[in-house]
Amino acid sequence: MQFRQLLPTLENLPLFYKISSDDILALLDCMGASVKTYQKGESILTEGQDLTGLLILLKGSALLYKNADLAPSLIDTAREGHVLGAASIGRDIVPSMMSATAATRCVTLSIPFRRLMYQCNRSCPFHHKMVENLVISISEEQRKLYEKIYILSQKTIREKLLTFLQETARSHGTSSFTLPYGRTELAHYLCADRSALTRELNRLQQEGILSFRQNTYSLSDKIPLSRSGMD
């Protein structure tokens with residue numbers, strides 16, 4: 001898949017914010033970037049696997065796990081524009097801190113760490129801009145991590161669930177939304193027993209607080225979309 005064919009997607013990535021199409025193509029060529037496609041269910045990364053470059057999700061969505069082979073814990077859902085491996089920048093090779101599995105068909109862009117951090121002799125100004133954009137993206141990922149800590153700090157499954165659903169609705173800007181994963185993955189994300197989570201969902205639906213069908217949820221007016229506890 002040629003980079004030029006992916007330009008409409010690349011131009012919308014936070015990583016290339018305010019970088020022209022021609023400069024994006026020049027950057028990717030200069031840094032030795034590569035593109036790879038994964039089918040739904042295919043492993044993108046395995047925890048402990050050596051990382052040699054930054055991975056940016058161009059298309060699709062992926063599930064990020066810790067301890068995927070033992071007692072899996074869903075860390076996050078990666079969507080288009082998500083940066084994987086940002087915590088490893090500054091080192092040539094480092095083990096991946098988590099596993100990533102394609103939730104849908106995915107296309108990833110890989111940029112070698114050494115090319116990302118050290119500019120070529122041309123010292124292109126758009127390389128500086130890309131690094132600036134990357135720092136902002138890392139900051140956003142850090143915010144999401146703190147958001148999950150806030151959710152998991154709630155004492156009961158009900159509180160964790162309601163906080164998670166409120167935060168998700170707020171980020172979507174609507175009280176109705178579809179999650180990219182099912183009940184088992186949601187239980188993993190909330191560090192909860194699946195059966196206990198299902199019972200709590202059913203109680204909330206009986207109380208008229210929310211309604212759901214498969215992976216689509218709608219919050220009622222009984223719980224307004226208040227400001228995030230992270231604000």
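This is a predicted model: local features need pLDDT of at least 70, side-chain atom pairs count only at pLDDT 80 or more; totals for chains, interfaces and linings use all residues.

Colleague: Which residues of α5 and α7 make the contact?

Modeller: On α5 they are Ile157, Arg158, Leu161 and Leu162, and on α7 they are Ala196, Leu197, Glu200, Leu201 and Leu204. Contact means heavy atoms within 4.5 Å. By class, 7 of these residues are nonpolar, none is polar and 2 are charged. Here Ala, Val, Leu, Ile, Met, Phe, Trp, Tyr, Cys and Pro count as nonpolar, Asp, Glu, Lys and Arg as charged, and the others, Gly among them, as polar.

Colleague: At what angle do α5 and α7 pack?

Modeller: Helix α5 (residues 157-172) and helix α7 (residues 194-206) pack at about 65°, with their axes 10 Å apart. The axes are lines fitted to C-alpha atoms, for helices over the stretch in contact, and angles run from 0 to 180 degrees between N-to-C directions. The two helices are therefore roughly perpendicular. Angles of 65 to 115 degrees count as roughly perpendicular, those under 35 as roughly parallel, those over 145 as roughly antiparallel and the rest as oblique.

Colleague: And α4 with α5, how far apart are their axes?

Modeller: The axes of α4 and α5 are 8 Å apart, and the angle is about 150°. That makes α4 roughly antiparallel to α5. Glu147, Tyr150, Ile151 and Leu152 in α4 meet Lys160, Thr163, Phe164 and Glu167 in α5. The residues of this contact comprise 4 nonpolar, 1 polar and 3 charged.

Colleague: Staying with α4, is Ser137 buried or exposed?

Modeller: Ser137, which lies in helix α4 (residues 125-152), counts as buried at 11% relative accessibility. Buried means under 20% relative accessible area, exposed over 50% and partly exposed in between, with a 1.4 Å probe and protein chains only. Leaving aside its neighbours within four places in sequence, Ser137 is in contact with Pro14 and Val83.

Colleague: What about Leu145, how accessible is that?

Modeller: Leu145 also lies in α4, but at 44% relative accessibility Leu145 counts as partly exposed. Leu145 and Ile75 are 70 residues apart in sequence and 8.6 Å apart in space, C-alpha to C-alpha.

Colleague: Changing topic: which residues are buried in α2?

Modeller: In helix α2 (residues 21-30), the buried ones are Ile24, Leu25, Leu27 and Leu28. They cover an arc of only 160° around the axis, which puts them on the same side of α2; the arc is that of the directions from the helix axis to the C-beta atoms. On the other side of α2, Asp22 and Asp29 are exposed.

Colleague: What covers the buried residues of α2?

Modeller: The cover includes α1 (7-11), β10 (106-112) and α4. As for the segment before α1, Phe3 lies there, and the C-alpha atoms of Phe3 and Leu25, 22 residues apart along the chain, are separated by 6.8 Å. Beyond its neighbours within four places in sequence, Phe3 is in contact with Leu10, Leu25, Leu28, Ala33, Ser34, Val35 and Leu109.

Colleague: Now backbone angles: what is the phi of Cys191?

Modeller: The phi of Cys191 is near 55°, a positive value in a residue other than glycine. Most residues other than glycine have a negative phi. Cys191 lies in the loop between α6 (183-189) and α7 and, at 49% relative accessibility, counts as partly exposed.

Colleague: Where is Gln214?

Modeller: Gln214 is in the loop between β12 (210-213) and β13 (216-219). Its phi is likewise positive, near 55°, and Gln214 is exposed, with a relative accessible area of 66%.

Colleague: Finally, how many helices and strands does the protein have?

Modeller: The protein has 7 helices and 13 strands. Of its 231 residues, 44% count as buried.

Definitions and conventions: Residues are numbered from 1 along each chain as its sequence is written. Side-chain values use heavy atoms; hydrogens and water are left out. Helices (H or I, at least four residues) and strands (E, at least two) are DSSP runs, numbered from the N terminus.
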